[in-house]
Structures are given as C-alpha cells and as structure tokens.
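Please read this note with the model open beside it. The points below go one topic at a time.

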Amino acid sequence: MPGALLEVRDLSVDYITDAGNVRAVDQVDLDLQPGEFLGVVGESGCGKSTMVFAIAQLLFPPAEIAGGSVTFKGQDMVRLGDTELRHIRWRDYSVVMQSAMNALNPMKSIEAQFRDTMRAHGDMGTEEIRERSAEVLRIVGIDPVHLRSYPHQLSGGMRQRAMIAMALLFTPELVMMDEPTSALDVVAQRSLMSQVKQLQERLGFAVIFVTHDMSVVARYSDRLLVMYAGQVAEVGPTRAMFESPPLHPYSRGLLDAFPSIHGPRRELIGIPGSPPDLGRPPSGCRFQPRCPVAMPPCSSVPPRLYPVRRSQVRCLLYDEAITEAAPERQAAVKP
Amino acid sequence: MAAPAMEANLSAAPATQEGFGRASFQRFSAAILRNRKATAGLLLLLFLAFVAAFPQVFTRVDPNAAIYPQAVGPSGAHWLGTTQVGQDVYAQLIWGTRLTLIITVVAGGGATLLSVLFGVAAAYFGGMVDRVLSVFIDIFLIIPTLPLLIILAAYLTGAGTVAIIAALIVTGWAFSARQLRSQGLSLRTRDFLEAARVRGERSMYVIFAEILPTMTSLLVANFMGLATYMVATAAGLQFLGLGNTSEVTWGTMLYYAQNNDAIQGGSNPWWALAPGFAVVLMGVAFALLNYAFDEIGNPALRAVRRPRARRAA
Amino acid sequence: MRYIAKRLGLFLVTLWAALTVNFLLPRVMPGNEAEAVYASMRNAPPSVLRALEVEFGVNVKQNVVLTYFQYLGNCFTGQFGLTVDRVPVMTKIMTSLPWTLGLVGVATIISFGLGTLLGVVAAWRRGGKLDSVLPPLLFIVTAFPVFFLGLLLLLIFAVTLGWFPTNGNYSLGSTPSLSPAFIGDVLSHAFLPALTLVLTLAGTWVYTMRNNMVTTLAEDYVRMARAKGLAPWRIMLDYSARNAILPNLTGFAMQMGFVLGGAILVEYTFSYPGVGYLFFTATDTHDLPLMEALFLLFTLAVLICVLAADFATAVLDPRTRET
C-alpha cells in the first residue's frame with residue numbers, strides 16, 4: 001500500500017525451547033498509515049505483545065523472528081544491522097512498555113534516563129537537553145521538578161506518563177504502546193488515554209496500542225486488530241466493529257464480555273474454555289474448540305483471512321465455498 | 001490446572017511451575033536426560049557410588065597393610081605407588097571412596113534439610129518469624145565457616161566421623177537457607193498459593209504439597225551445591241589433620257601425604273595427587289548436577305545459541 | 001538512615017553472638033580444657049593451671065554471669081591472655097597479621113576485579129566464545145579444593161620448575177628491610193599462595209556475577225534501554241552491570257568468611273606465617289586462648305566487610321534512601 005508508514009507481511013515469531021519451537025506469532029499481516037491509531041486486542045498469551053516487540057526488533061532469546069518482513073518507512077527492519085537500527089530507534093519510532101516500574105531503571109533519575117537517550121542520538125548541549133526534558137514532562141502534565149526523582153518516588157500514573165514523555169523526546173512518527181494502562185486504576189486509565197489521544201492529534205504520530213481491554217481502545221482507535229492464538233482473527237475500522245456486531249465469533253465474544261453503561265441491560269457472556277497450547281495448536285481453526293457457531297469443516301480446514309466489506313476476518317463463516325455448501329449456516333452470519 | 005498458555009512476558013521467572021504431580025515427574029526426568037550436564041554428572045556420580053559400594057571389584061589389596069616397599073613411585077605392581085609406611089596408594093584410593101562419599105552425602109543432605117527448614121519457614125511465615133530467622137541465618141553466614149569448623153573439630157578430636165559430619169552440617173547450612181528463603185519469598189505471592197490459601201488449606205499442606213514441589217529443581221540444585229562444598233571442605237578439614245585420622249578417606253590420605261612432604265619431594269607425589277584429583281572428580285560430578293538443576297529451575301540460565309540473525313553483516 | 005541502623009544492629013548482634021559462642025564453647029565441650037592447655041604448656045608453674053581453671057570456669061564455683069561480663073570487658077580492651085608459650089596473644093597476632101593482610105587483601109581485590117569483569121562480559125555476550133569456554137573452565141577450577149590447587153601449583157612451579165620457593169614468607173636468614181632485594185624476595189614467596197587464592201576466588205565470583213548479569217539483562221529496563229537506541233557498552237555498564245553488582249555487594253562481603261577459610265588452608269599449605277597459619281598451629285597445640293582470639297578476629301573482619309558493603313549500598317543505591 002503506497003504511503004503506508006508500516007507494512008508487516010507474514011511475520012512469524014518462534015520461541016526456541018528444548019521441547020521444540022513454539023510459534024507465538026503466525027504469519028501476521030499489518031498495515032499502518034501515518035497518524036493512524038491502531039488498537040491490537042486479545043487475551044493474555046495471544047501473542048500481541050510478542051508481535052509488537054518483534055516489530056520493534058526488541059525480541060530477546062529464546063524468542064526469534066522466524067520469517068516475514070517489517071517495512072517501516074520503506075526499510076525492512078528485519079534485515080537491518082544493529083548499528084543502522086540504533087539510528088532509527090527512538091527518533092522514528094519509540095516504545096512504551098507495560099510496567100513503568102520495570103521499564104525504568106530503578107537506579108537512575110528520570111533526568112538521567114532522558115539525558116542518556118538524547119545523548120545517544122545527537123549532540124545536544126546540556127541546556128538543550130534539560131529544556132527538552134522539562135518540555136516533554138510538561139506535555140504529559142508532570143511538573144518538571146520531578147526530573148530529579150527516581151522511579152520509585154513517583155506514583156504509578158506519573159511513572160507511566162513519564163514513560164510516555166520519554167517516548168516523545170524526538171517526536172517520532174510511530175509510538176508502540178504495550179498495555180500502558182493495565183497497571184492503572186480505571187480513572188487514571190481514562191485520563192491517560194485521553195491524554196494520549198490529544199497528544200496524538202497534536203503531534204501527529206501513529207500509534208499501535210496493545211491491550212486486552214477492548215473498551216479502552218474502542219473509543220480512540222481508528223482501526224482494530226483482534227488477535228487470537230498468534231493469528232489475526234479480525235482487522236478493520238473500529239466503527240465497523242461496533243456499529244454492527246463484529247464478524248469473528250471471538251471478537252463478538254470479547255465485546256459481549258464488556259458491559260456498556262449506556263446500553264440496555266443484558267446478560268454478560270464470557271467465552272468458555274481457555275486459549276490453546278501454542279506448542280500443539282489445534283488443527284483447522286484455532287478458535288473452533290470454543291466457538292459457539294462452529295461447523296464441521298472448522299476442525300479440519302484452517303481459515304484464511306476473508307475480506308468482508310472494509311474488514312478482514314479469519315473465519316470459515318465468510319468462506320463462500322463452504323457456506324454455499326451449507327445454506328442453513330447462513331443464518332449464523334449477520335449482514 | 002491447565003498448562004499455562006504461552007506468556008508473552010519475556011522476562012525470566014525465577015521458579016517455574018515445574019514439579020507438579022506425576023506428569024511433571026516425567027517432564028522432570030526428561031529435562032534431566034536432555035540436559036547434557038545432568039547426564040554427565042549423573043554418570044560420574046553413579047560410577048563413584050559403584051566404586052564406593054564395591055571396592056573389591058577394583059582392588060584385592062588391603063589398604064591398611066603396610067607391607068610393601070616404602071615411598072616408591074607408580075609401577076606395575078603399585079599403580080599409584082606406595083605411602084611412606086608401605087601401603088598401596090591405589091588401594092587406599094579405592095577403599096577411601098566409600099567413607100568420602102558417605103560423609104559428603106550425609107553432610108550435604110543434613111545441611112540441605114536444615115536450610116529447607118529455616119529458609120522455607122522464614123519465607124512462608126513471614127513477619128516476625130521471618131525477621132528472627134533471617135537474623136539467625138545471617139549470623140551463621142557471617143561467622144567464618146572454616147575457622148568455626150576448625151574450632152569445633154578441634155574440641156571434638158577423637159569423637160569420630162559422626163562429630164565431623166555434625167560440625168560440617170552446622171557450619172554449612174546457612175548459605176543455602178538464604179537462597180531458599182529468597183526463592184520462597186518470590187513464590188509466596190504466586191497465584192496458585194493464594195488459591196490454596198483461599199481454599200482454606202492448612203499451612204503444612206501448603207508448604208508440602210504446593211511450595212516444595214515447585215521448588216524441587218531448586219532444592220536438588222541446592223543439595224548438589226552443598227555436596228560440592230562438602231567434598232572440598234571435608235577434605236580440607238581432614239587435610240589439616242582434624243578428621244578421624246584412623247579412617248581411610250581421601251582427605252586423610254592427603255593429610256598423611258602432606259605430613260610426609262609428598263609433594264615437596266620427600267615421598268611419592270602421587271600419594272597426594274591421586275586423592276586430590278579424586279576429590280576434584282567427585283566435586284565435578286556434584287557441580288555438574290548443581291549447574292544442571294540450576295538451569296532446569298531457572299530457564300534464563302540455559303545455554304543459548306546466538307540467534308542466527310537474518311541481518312546484513 | 002533506617003537502613004544503616006538496621007545493618008548496624010545486625011553487626012552488633014552478630015558480634016555479640018560470636019563473643020558468646022567463644023565464651024561458651026570451652027565450657028560446654030567435653031573434656032577439661034584447662035588441663036589440656038596446661039598440658040601443652042612447657043614448664044609452667046601450677047599457679048598457671050589454677051588461673052586457667054578460673055579462665056575456663058572449671059572446678060570453680062564462680063558466678064558464670066560475672067565471668068561472662070569480665071570476659072566481654074577483656075575482649076574490648078584487647079586482653080586475650082597468654083598463649084601456650086607464655087607470650088601475649090595480641091603480640092603474636094600482630095606479628096602475623098600484616099602478612100595475611102598483604103596476601104589476602106591483594107588476592108581478594110584482584111579476584112573481585114577480574115571476576116566481575118569476566119562475569120559481566122561473559123553474560124553480555126551470551127553464547128559467545130567467552131561464555132562457552134568460561135563456565136566449563138571455571139567449574140573445573142572451583143571443584144578443586146583450594147589447598148589441592150596450592151599443592152599442584154607448588155609441585156609444578158616450585159618443586160619441578162624451581163621458579164618459586166616452596167614455603168615461608170621470606171628466605172631464612174634475610175633481615176627484613178625495605179630494600180628492593182628483600183621486597184622481591186617477599187613477592188616471590190607470596191606469589192604462589194596469592195595465585196592459588198586468586199584462581200579459587202575469581203572462579204566463584206565470575207559464576208555469581210555472570211548469573212546476576214544474566215538475570216539483570218532479562219529485565220524490562222534493559223530492553224527499554226535497547227529500545228531507546230543506547231550504545232551497547234553503555235547498556236552493559238550503566239544499565240546492567242551496575243544494577244547487577246550493587247544489590248549483591250553485601251552478598252559478596254559475606255563471602256569473606258569463605259575467603260578467610262581459603263587463606264587458612266593456603267597459608268598452611270605454603271607454610272606462610274600469617275594469621276591463618278597461626279590459627280592452625282594454635283589448633284595443633286591446643287592453644288585455646290590464641291584460637292579464640294583469632295576466631296574473634298576473623299569474625300570481626302567479616303563483619304567489617306559486611307558493614308562496609310552496606311554503607312556502599314546505602315550510598316550508591318537510590319532505592320535505599322527512602323523508607
């Protein structure tokens with residue numbers, strides 16, 4: 001797609017273990033336009049964090065990119081050497097991790113950690129560095145006096161915002177966030193989210209936002225990508241997913257699990273069962289063992305991604321060849 | 001309990017949920033066999049145990065018989081030469097295996113038991129109990145082991161091997177206790193323990209049925225580590241002449257050899273070299289198993305191949 | 001500051017425990033220690049036996065508690081009594097101490113430096129050449145009892161090759177002075193014992209350091225540092241090594257006890273007349289006053305190291321500053 005900021009094709013990530021390789025991310029495709037807000041949703045262990053780290057070239061052994069390409073601003077990052085990667089790190093894209101308490105070096109002050117970053121990428125003078133540090137802190141609503149503080153001296157919300165501030169030091173074009181709100185309470189979550197959205201609109205960077213909580217991204221994302229068991233289950237414009245029921249039975253289940261304050265009272269339905277063991281994934285559709293509308297072919301035919309209007313779904317319900325052969329199943333497919 | 005699905009958390013966990021029930025025993029044995037260090041260590045240990053159990057297979061000579069030519073070097077008749085008083089060094093080496101192994105294993109086991117007792121209790125009960133036990137452990141850690149051991153052994157001269165083993169245990173348990181305590185602490189907040197507590201299980205149950213199995217690899221690693229320590233320390237103690245010098249062990253061989261200047265040229269150097277290398281061998285066996293179980297318990301330590309980076313040079 | 005107070009408290013408690021152990025041991029062990037010491041002495045008048053009996057609380061109807069406090073007082077004023085050859089304990093200790101301080105001090109510093117460096121680098125390049133060669137090499141070395149390693153070095157370098165002397169701290173007949181010749185003599189006598197210590201100690205430390213580094217390297221903030229595009233050497237030093245060493249400083253200090261044990265064995269093997277050798281001969285001659293004084297000295301040495309490490313941690317680790 002021309003003009004795309006990020007193009008991920010066929011990305012696969014394996015964990016190398018003594019008992020054989022486990023494929024945590026399986027041939028994922030992903031596109032991102034400049035300034036777009038993409039939400040990545042899924043249960044714990046579905047591979048979403050792994051995927052994001054893989055895109056950012058931040059995997060540690062035993063995780064390894066097993067195949068595919070990650071084209072960012074025209075360059076395939078998988079093929080780049082360490083030195084070239086270091087140049088674009090943080091200037092062009094940055095990462096916000098889940099727990100600021102773990103992601104910030106407990107032994108260095110905030111100021112020192114900002115300074116390290118800026119020194120690594122250019123010759124900014126001491127004064128410049130200090131000004132920029134203060135500026136990014138102010139952007140996220142933290143008093144610059146906290147530059148001197150150590151991570152354990154800040155509150156959880158402040159730490160998280162400090163991380164976001166650090167991510168914005170060079171106003172990159174892409175910020176990847178891995179569950180940045182999970183460690184916060186609901187109120188802090190909302191405040192952080194709206195702040196992130198404001199910053200995004202003001203500074204124009206694209207966002208990949210990983211979370212297990214669909215309600216958090218529903219409001220702010222332009223597109224949504226639902227992952228299940230290491231694969232893309234459904235991807236499409238957020239509005240499409242919420243205006244009419246989601247296409248994939250899993251996404252539907254996710255949505256049903258979250259109550260809405262505004263809508264009518266309805267029964268909360270969870271998704272029975274648990275995610276598959278990725279060391280031995282089920283044959284056919286991976287969601288089939290838990291799927292309420294599974295058909296016989298689902299346990300043997302692995303579904304591809306089928307285009308449905310402006311989205312794509314990995315579900316045999318949308319495979320015309322199969323549904324035509326069983327017209328009574330058409331009822332399960334809501335237009 | 002379903003096997004935990006692949007966590008995208010890439011930081012290493014200090015203790016995994018290995019060691020649950022029978023399925024995990026199979027996984028456990030498989031892990032041991034797959035680990036090269038463990039296999040090598042196990043084989044070596046089995047060999048030494050065999051020598052200890054059946055010395056007659058390896059030599060017909062009486063180790064205490066002082067009837068051979070004195071202080072000669074290795075020869076066809078005496079593979080490792082003889083001692084100052086005319087005993088066959090090789091025979092002593094073979095027969096000395098038994099007591100050396102026994103001392104090592106018993107002292108190591110005793111120290112492991114004590115360290116489990118204090119370390120796990122401190123971690124589990126927390127609060128005041130933890131604080132008191134921690135101070136207790138710290139005291140034993142700070143007081144220098146060998147000097148204390150020497151003093152105890154000196155006061156107990158003539159009291160025999162049992163006393164030596166007791167002294168070794170008393171001075172050796174503290175380090176392992178500290179390790180177990182910190183591992184226990186990290187386990188304390190794990191979910192499956194909370195679940196047991198919420199179910200209303202009694203403390204003893206939680207300790208024996210939930211915590212200890214999880215710490216199996218770590219416990220075994222600790223025992224192996226302690227055994228490695230005991231081999232060298234017991235030998236050192238005996239080398240100084242503080243063991244039971246009437247028994248034949250590798251340590252006492254070294255004592256007599258040193259007293260007769262075996263290395264310095266006064267006698268057959270193999271009198272000292274043979275038991276010395278034997279001690280190293282036993283130490284290596286236990287050390288291999290120690291490192292192996294360390295790796296099994298903490299996956300982050302396992303040997304990693306540098307990932308074949310699909311990068312330009 | 002609460003941290004320092006806590007550590008100081010531990011220091012005092014351990015010191016007290018060591019003193020008490022020292023006091024109780026001769027009184028609870030089997031055998032009549034006063035007689036044993038007296039027997040080891042040569043040509044001592046019977047009054048000495050009686051004094052010993054008082055000192056060890058044998059056949060004396062004295063108030064134990066009173067004796068205990070007297071004993072504590074004596075310890076603090078450095079009165080440790082006389083050795084079996086009627087020489088003040090303190091004198092003997094002071095003669096031997098400098099030799100051990102030199103040997104062990106230097107060996108420890110070298111081992112610590114070397115061990116840390118190798119451990120950090122090995123962990124940093126996981127799977128690299130250093131990391132695959134080092135662990136097997138190391139643990140063969142650490143499986144060697146320290147005295148056997150000494151014996152081997154002695155056999156190879158002193159007896160067979162003749163490069164170094166086999167025992168002592170300087171050649172018999174030389175007079176101590178600060179001349180280059182004498183210093184050279186001292187160094188050549190100290191070399192093999194020092195080498196033995198360094199090999200043993202560094203071996204253990206490399207392993208510990210490497211494992212600490214490996215755990216630290218798996219931390220999120222290291223990944224974050226990499227994400228920020230920091231230079232590798234900076235990540236290694238500033239974000240990993242420092243974080244791996246600092247919390248373990250106290251642990252390292254506690255291993256001083258192990259170091260002292262090694263020193264005793266090495267000094268014995270090489271007949272190097274430091275306090276370790278002194279301690280051994282005291283054991284051999286049943287010289288209890290000397291043994292006990294030395295034991296206290298050793299404990300105190302470890303305590304001081306631990307306290308120093310605690311101070312260093314308090315100063316360098318920001319997390320200890322707040323409550």
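1. Chain B has 12 helices and 0 strands. From the N terminus on, its elements are α-α-α-α-α-α-α-α-α-α-α-α. Helices (H or I, at least four residues) and strands (E, at least two) are DSSP runs, numbered from the N terminus.

2. This is a predicted model, in which local features need pLDDT of at least 70, side-chain atom pairs count only at pLDDT 80 or more, and totals for chains, interfaces and linings use all residues. Residues are numbered from 1 along each chain as its sequence is written, while chains are lettered from A and ligands numbered from 1 in the order in which they are written.

3. Confidence comes next. The score is pLDDT, the predictor's confidence in each residue, from 0 to 100. Chain B has a mean pLDDT of 77, with 73% of its residues at 70 or more. Two stretches of chain B stay under 50: residues 1-21 and residues 304-313. The model has 51 contacts beyond four places in sequence for residues 1-21, and 17 for residues 304-313. Where pLDDT is low, the predicted coordinates should not be read in detail.

4. Of the 313 residues in chain B, 49% are buried (20 or more other C-beta atoms within 10 Å of the residue's own, with C-beta atoms placed from the backbone). Now take the contacts in chain B with a separation of 6 or more: 67% of them join residues 24 or more positions apart. A contact means that the C-beta atoms of two residues, placed from the backbone, lie within 7 Å.

5. Where does chain B touch chain C? There, 40 residues of chain B are in contact with 47 residues of chain C. Helices H4 (127-142), H5 (145-155), H9 (216-239), H11 (262-266) and H12 (270-297) of chain B each supply at least two residues of that side. H12(B) gives the largest share, 8 residues. By type, the side of chain B that touches chain C has 29 nonpolar, 8 polar and 3 charged residues. Here Ala, Val, Leu, Ile, Met, Phe, Trp, Tyr, Cys and Pro count as nonpolar, Asp, Glu, Lys and Arg as charged, and the others, Gly among them, as polar.

6. Chain A holds an open sheet of 4 strands, in the order E2-E1-E4-E5, with antiparallel pairing. Strands pair if DSSP finds at least two bridges between them. The edge strands are E2 (20-32) and E5 (75-76) of chain A, each pairing on one side only.

7. Strand E1 (residues 6-17) of chain A pairs with E2(A) in the antiparallel sense over 9 bridges. Thr17(A) has Gly20(A) in E2(A) as its bridge partner.

Note on methods: A residue is buried if 20 or more other C-beta atoms lie within 10 Å of its own, exposed if 12 or fewer, and partly exposed in between; C-beta atoms are placed from the backbone.
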